[in-house]
Amino acid sequence: MPEVLEQHFSKKILFLSILFLLITGAWYALATLTQVGETYRMVAPEILFVEEHDVQVKTAYDADYLSANPGQSLISGSLIKTGELSFAEITLENNVIRMDQNTELSFIDNKFTEETAYNSTSPRLVFELISGSIWVNAFDDIEVSTAQSSTNFWHSIGVMTYTPPMNRLTVITGSADLSLYNENDVYLTQFTVPLCNQVTYVETQLVPGYALLKTSKLKKELKLASISESVLEDEWVVRNLKADSKYVEFEDKLIKSRWVYTLKNSYYKTLSLLTFIERTKQSLALNHAKTIAYYILGKIQDENLIADTKSLLADFEGAISPIKNNEKTLAWLTETYFALGTVDYGSPAYLLKEDLLSYILSEDSIQSLRTYLADLRAYLDDFKLTDAEKVASDWLNAWDDNMIANNIQEFENQSQMLHSLILAHIDKATSGLLDVFDKTGQILLTLAESNGSKGDMEEVRFAVTQDRLEISAALVSAYRYLAAKQYLKNSYESLNIDELETDLAAKEIFLEQARLLAQRIEYAEDQMHGAALSIDETEFQEYLTRKTRDELLSENLKAFLEGEAQVDVEVPTVNDVVSTFANARISLSEEGITPQEDSPFSFKVKNARLVDRTADGSSVSFDAMYDYTTNAVNDVVVSGASFKGSFELNDLVVILTQNGVSGTEEYEDISDLLTDVEDDEALRAQAVAQDLAKQLVLNELAKYDIQIGDINTIKVLDQVTLTYFDITDAYVIDPTDPRHPIQIQFEYNSSAKKVYNVFVVDISQVISTEIMLSQLASAVLGGIYVEAEKQNALEEFKDLIEGSKYLVVEDRYLIIKNLGELEFQNLYLTTLPLSVNGTYSFTNDNFSMVTHGLYTAYNTEIEDYFEVLAEKYVIDFMKDNGLTVVSGQISMHYPFQSIQISNYVIGDQTFSFMLDVNANRLKNVTLIETGATVDSMTFGEFLSIGG
């Protein structure tokens with residue numbers, strides 16, 4: 001280039017550069033000088049619903065309820081209610097609350113503005129559930145109260161149902177913190193309900209004594225239990241989970257170009273150097289950090305560049321550190337962290353997520369560590385067991401000693417969440433995952449020991465022991481006998497069972513329950529060779545009768561349970577029995593107790609007298625056999641009346657105190673007393689005995705969520721043993737629709753805890769001829785669900801057939817084999833005399849198998865099958881009438897209203913014609929050479945053409 005041109009272009013470049021800098025500086029100065037103070041506007045939730053639904057709102061300024069408008073903003077103090085078959089949804093950013101039909105909700109408070117959403121320990125939204133059921137999907141902290149409780153959801157999903165005074169809280173994902181109050185609104189205690197669990201309680205049970213209860217006791221008092229599969233598969237749950245699948249996305253912010261990232265990065269760095277206003281500098285630093293994060297989640301994440309991620313995270317930390325305490329920064333860090341959700345372990349997104357956590361993790365946000373457990377659940381669901389072990393280890397490592405010491409309650413809560421996760425995925429639990437859980441128990445024991453309180457130490461040891469035994473039992477139930485044996489051994493050693501004081505309840509329970517589990521493990525090894533199969537209970541009981549209890553354990557099993565020291569099980573003493581009865585308000589002397597030689601945990605007790613008198617002022621005493629392990633009595637004799645079955649000690653006291661039993665004359669055989677219909681005293685004893693038996697049945701059924709409408713409808717089938725009953729007015733509560741209980745009828749054996757001939761009134765169907773009581777509720781709910789799904793499938797198939805217009809089948813020929821397949825017979829094609837049998841797959845929307853005498857096919861579409869069958873039929877039909885055609889001569893398409901035969905040769909003449917199967921004639925017979933046409937001919941007339 002000539003020197004003159006070089007000078008010319010150099011001057012132009014210099015001029016343009018100066019002009020660009022001046023324009024940029026002017027723009028920046030204008031933006032800075034005209035900047036106004038940030039506003040703090042309130043963000044109000046909105047109520048959404050379909051216009052036809054009956055949804056009403058009453059604000060603090062209204063005298064009565066008014067019909068709500070879809071999208072209407074809600075103000076604090078508003079009451080919202082839905083009518084019959086009406087539903088509503090309350091949304092605020094990423095938070096969703098859905099109201100079931102006939103639900104009333106009060107919106108108490110919205111405590112945050114747009115700028116302070118993450119800068120407080122208070123809940124963002126506060127509601128009161130007055131009655132009904134709601135679905136809560138909380139991104140921020142949402143509090144929902146009832147008359148004597150409040151529940152905090154935070155990055156979790158759950159269902160609250162309240163029909164005063166009954167409360168039920170079901171946690172689908174994450175966890176929920178439940179606070180309980182007495183009737184005077186005085187705080188009692190807090191309890192964390194982990195994912196896949198539910199609690200059920202009535203307000204009358206929330207007495208001041210709850211303030212003293214430990215977690216292990218609260219679990220029983222609040223009936224903490226796993227959610228059954230039928231609940232998780234329920235239409236209400238599935239529909240809401242599907243509706244909640246939306247989440248915060250970054251697609252519009254992700255940076256997937258290195259050039260774009262470089263330019264943006266340089267831009268924010270340059271502007272940061274040009275400004276001296278601190279507020280603006282912080283805003284630019286945050287934008288710089290966002291640019292790095294979105295680049296990691298864009299290009300770096302897509303290409304999985306781990307080395308680049310680590311380098312970029314160093315730049316990210318440099319940008320964020322000076323402004324990490326800024327309100328906007330914390331809000332963005334928190335929102336981004338939780339919006340990431342579950343990502344692949346070790347990926348760039350996971351490394352960024354861990355870095356974000358390091359900034360938001362503090363005493364105020366210690367619950368953030370629960371997200372590790374959310375990741376753990378996702379990995380277990382997807383069978384990513386190695387990742388599951390790693391994230392569990394990351395969770396535990398995030399708890400340093402100081403953090404645990406300052407947040408013991410939260411550490412206990414999250415340990416319970418981990419415990420629930422392992423139980424829910426026991427078929428996938430690895431030794432590494434169990435090791436992490438065991439370490440949490442050791443930490444809790446160490447902390448309790450450092451507190452110096454023997455009572456607290458024993459309570460923690462008891463809870464840890466129970467959790468270990470529960471996991472061991474779950475492994476046995478999941479047919480993982482070898483894993484159960486190893487875990488039982490590890491628990492025995494790590495808890496130092498052989499070194500504990502002999503009078504500790506934790507030691508006693510562990511050794512006794514470990515022996516019971518060992519019996520099943522040895523049976524699986526000895527008789528089933530350790531196979532992953534279910535134990536046949538009948539064969540197992542026969543096996544037990546062939547061996548005594550002491551002979552039952554193999555030497556190897558004894559060795560790992562009891563160790564080299566051969567620690568003997570500490571059996572209860574007579575004094576222990578006296579103390580136990582005294583705690584249940586029963587007076588019993590040592591002379592009235594006889595230990596049983598064949599079972600050191602069993603005692604015969606005589607003249608056990610209730611401390612409290614009955615309602616009519618009389619005193620009650622009884623004889624019985626007492627099992628110290630279960631704290632239950634059997635073969636109870638009260639004033640000559642004998643009651644078979646096993647009854648918990650406290651239950652027996654309540655029933656005897658409320659009903660009372662008077663003496664009767666002596667009978668040589670108790671069956672004579674219970675069958676004597678002449679003696680008035682005998683009849684009274686029989687009535688009392690049957691009333692007691694019915695009440696005990698009522699209590700037993702209630703433990704498994706089976707309610708009785710009227711106790712008088714319970715019919716005693718065997719008045720001698722009092723163990724067989726006919727129950728015609730029982731109800732199962734559907735957690736998703738508690739206002740419409742499901743009526744069932746069945747026979748019940750209280751001794752075997754089995755029910756027979758379970759008839760569901762709603763569907764007029766027997767769903768089981770024999771089942772354990774513990775499985776009854778889930779079986780009924782599952783039966784209702786399956787029947788509804790079968791009916792839906794049947795209607796779906798009928799709609800498909802009716803929609804085709806050319807297929808016909810009678811209802812009596814349709815049978816649902818399972819939820820995915822339907823069996824049919826005599827499916828008739830109206831345009832051709834074709835009737836087929838087979839099965840239809842709803843999963844694949846086709847015939848999984850269909851057959852006719854001419855053609856059978858598998859996994860075929862309806863029209864495809866009939867195309868082939870119809871062609872074979874036409875060939876066969878023509879052959880029967882003396883004509884031979886091949887597929888190339890036939891032209892027709894479903895539904896075969898027109899069948900054309902071409903190029904049919906007779907002699908030296910070629911014809912085409914239409915086939916009328918129903919009339920058994922040929923139509924429009926055309927001679928190709930001349931075009932001459934005959935409207936209609938019989939087959940005989942056509943054949944005569946050839947002479």
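1. The charged end of K353 sits over the ring of Y337, 5.6 Å from its centre. Such a placement requires NZ of Lys or CZ of Arg within 6 Å of the ring centre and within 35 degrees of the ring normal. K81 lies likewise over the face of Y65, 4.2 Å from the ring centre.

2. The model is predicted: local features need pLDDT of at least 70 and side-chain atom pairs pLDDT 80 or more, while totals for chains, interfaces and linings use all residues. Residues are numbered from 1 along each chain as its sequence is written, and side-chain values use heavy atoms, without hydrogens and water.

3. The whole structure holds 26 aromatic pairs (rings of Phe, Tyr and the six-membered ring of Trp, centres within 6.5 Å; planes under 30 degrees apart are stacked, over 60 edge-to-face, the rest tilted). Y904 and F913 are edge-to-face, because their centres lie 6.2 Å apart and their planes stand at 65 degrees. Y904 is buried at 9% relative accessible area (buried means under 20%, exposed over 50%, partly exposed in between, with a 1.4 Å probe and protein chains only). F913 is buried too, at 0%.

4. F911 and F942 also pair edge-to-face, at 5.4 Å centre to centre and 75 degrees between the planes. F911 belongs to strand β36 (residues 909–916) and F942 to helix α27 (residues 939–943), so the pair ties together parts 31 residues apart in sequence. Both F911 and F942 are buried.

5. One aromatic cluster includes F797, F824, Y840 and F842. F797 is among the buried residues of α25.

Key. Helices (H or I, at least four residues) and strands (E, at least two) are DSSP runs, numbered from the N terminus.
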